[in-house]
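Reader: Show me how to read the packing in this model. Start with a core residue, then move to the helices.

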Amino acid sequence: MPERESPARAVDDVDAVTRAVMTASRLLVGIAARSLAQVEEPVTLPQFRMLVVLSTRGPTKLVTLADLLQVAPSTAMRMVDRLIAAGPADRQTNPADRRETLLGLTEEGRRTVEDVTARRRAEIAAIVERLAPERRAALVEALAAFNEAGGERPAPA
């Protein structure tokens, strides 16, 4: 009979952890896609990511936005142009330096981020509620360490 891998060994196995994170990622992308599908004006996942960055950082220069999204400035510009045309983003002159243009959210963009985030939060909360309390605590600890290792800031409360 084959020997079963101990839980402690499985946790130490980078491949096992990577598979578990990939599975969780697939679940989270599905949740994100469903929440975006309910938006009145269609927004792609990359466009929504841009809206979230603008929501958390406020008006931002294009090169900074491209850097934060880890895309080329030309790609960021195309995304911005589409979002401006659709309504959730706009360009504004930097009050501190009139030669600079900043990209920001319109009221529609703020509502989109809030609505999609609320739907995502509700669906994730429903999943978390099905976990035993000790599993929830372990998940918070593991995800906090994962996010820190990846350089991701904690989500707003």
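**Reading the core and its helices**

Reader: Which residues is Met50 in contact with, leaving aside its neighbours within four places in sequence?

Author: Contact means heavy atoms within 4.5 Å. Met50 is in contact with Leu65, Leu69, Ala76, Met79, Val80 and Leu83, once neighbours within four places in sequence are set aside. This is a predicted model: local features need pLDDT of at least 70, side-chain atom pairs count only at pLDDT 80 or more, and totals for chains, interfaces and linings use all residues. Residues are numbered from 1 along each chain as its sequence is written, and side-chain values use heavy atoms, with hydrogens and water left out.

Reader: Which residues touch the most other members of the largest nonpolar core?

Author: In soluble globular proteins, nonpolar side chains tend to be buried together. A nonpolar core is a set of buried Ala, Val, Leu, Ile, Met, Phe, Trp, Tyr and Cys residues joined through side-chain atoms within 4.5 Å. Buried means under 20% relative accessible area, exposed over 50%, partly exposed in between (1.4 Å probe, protein chains only). Here the largest core has 21 residues, and Met50 and Leu65 touch the most other members. Helix H3 (45-57), helix H4 (62-69), helix H5 (73-86), strand S2 (97-105) and helix H6 (107-129) each supply at least two residues of this core. The largest share, five residues, comes from H3. Helices (H or I, at least four residues) and strands (E, at least two) are DSSP runs, numbered from the N terminus.

Reader: At what angle do the axes of H3 and H4 cross?

Author: Axes are lines fitted to C-alpha atoms, for helices over the stretch in contact, and angles run from 0 to 180 degrees between N-to-C directions. The H3 and H4 axes cross at roughly 120° and come within 11 Å. On the H3 side, Arg49, Met50, Val53, Leu54 and Arg57 meet Thr64, Leu65, Leu68 and Leu69 in H4.

Reader: Is Arg120 buried or partly exposed?

Author: Arg120 is partly exposed, with a relative accessible area of 30%. Arg120 is found in H6. Not counting residues up to four places away in sequence, Arg120 touches Ile31, Ala32, Ser35 and Phe48. Arg120 and Arg34 are 86 residues apart in sequence, yet 8.4 Å apart in space, C-alpha to C-alpha.

Reader: Which residues of H6 are buried?

Author: The buried residues of H6 are Gly109, Thr112, Val113 and Val116. They pack against helix H2 (14-37), H3 and S2.
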